[in-house]
Amino acid sequence: MNLERELIKRSNGTCELCGTTENLKQFDVLPTRKGNLDESIYACATCIDQMENPDKMDANHWRVLNDSMWSEHIPVQVVSWRMLNRLKNHELVEQMYLDEDTLEWAKATGEADDDENKLVHRDSNGVILNTGDSVVLIKDLKVKGSSMVAKQGTAVRNIRLDHENETYIEGKVDGQQIVIITAYVKKL
C-alpha cells in the first residue's frame, strides 16, 4: 500500500489540520528520516501554502488548531505545535504535551525561537554555545580584579550563558567563577 493511500485512510479523506476535503495531498513534516506514515500528514493546499510561506499566514484559518493539536498522530501534533508557536498562541502551546523526542522534532525548524529577543553565544569559530557546554581557552587571559592568569588550553566545564550579552559566558577556572569573553574560547 502506498503512503498516500495510508494517509487517506488515517485521515478519513480530510485535512488532518483544518478538516477540509478539497485539494488534499501528502505533506512530509521536516526534517524527515524515513519518509513514512509517521513523518507525514494529509493536508489541504491552503494549510500547506501557509506552512511553507509564513508571510501568507491567515490566523483565522488556524483557529482549528485547538482541535488538531489533540490528534493521536505525532506528525499532526508536531505541525500543530509549530503553527501555534508561529501564531504566538502560547496559551495553547502550554496545554500541549509532547514527549522529549517529539518536542525535539517540533523545535527542529526553529518555530519556537523568538529571533528578536534570542541571544546567540558563539565561540571563536562561530560554533553556537549552550548552557552546560565545555570550552577551552585559546589564549592566556588575565582575570580582572585578581592576580590570576587563566592559561591557554584550560578547559572550562559546565559554562553558563549571560542572558544580557551574547559575548559573555561564565565558568570556573581554578575553582574561581569568572566571566569569559566568547571570542577567547573554543567549544570542546
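In strand β11, the bridge partner of Glu170 is Val179, and this pairing belongs to a predicted model in which local features need pLDDT of at least 70, side-chain atom pairs count only at pLDDT 80 or more, and totals for chains, interfaces and linings use all residues. Residues are numbered from 1 along each chain as its sequence is written, while side-chain values use heavy atoms, with hydrogens and water left out.

**Strands around β10**
- Strand β10 (residues 168–173) and strand β11 (residues 176–181) run antiparallel and are joined by six bridges, where two strands pair if DSSP finds at least two bridges between them.
- These two strands, β10 and β11, form a hairpin with two residues between them, and Asp174 in the turn has a positive phi of about 50°.
- Strand β9 (residues 160–161) is also antiparallel to β10, through two bridges, and a hairpin of six residues connects β9 to β10.
- Leu161 stands opposite Ile169 in β10, and Ile169 lies on the covered face of that strand with Gly171 and Val173, whereas Tyr168, Glu170 and Lys172 form the uncovered face.

**The chain overall**
- The chain has six helices and twelve strands, which are DSSP runs numbered from the N terminus (helices H or I, at least four residues; strands E, at least two).
- The radius of gyration, at 23 Å, is well over the 16 Å that the globule rule gives for 188 residues, so the chain is more spread out than a compact globule; the radius is taken over C-alpha atoms, and the rule is 2.2 Å times the number of residues to the power 0.38.
- Buried residues (under 20% relative accessible area, with a 1.4 Å probe and protein chains only) make up 37% of the 188 residues.

How values were computed. Buried means under 20% relative accessible area, exposed over 50%, partly exposed in between (1.4 Å probe, protein chains only).
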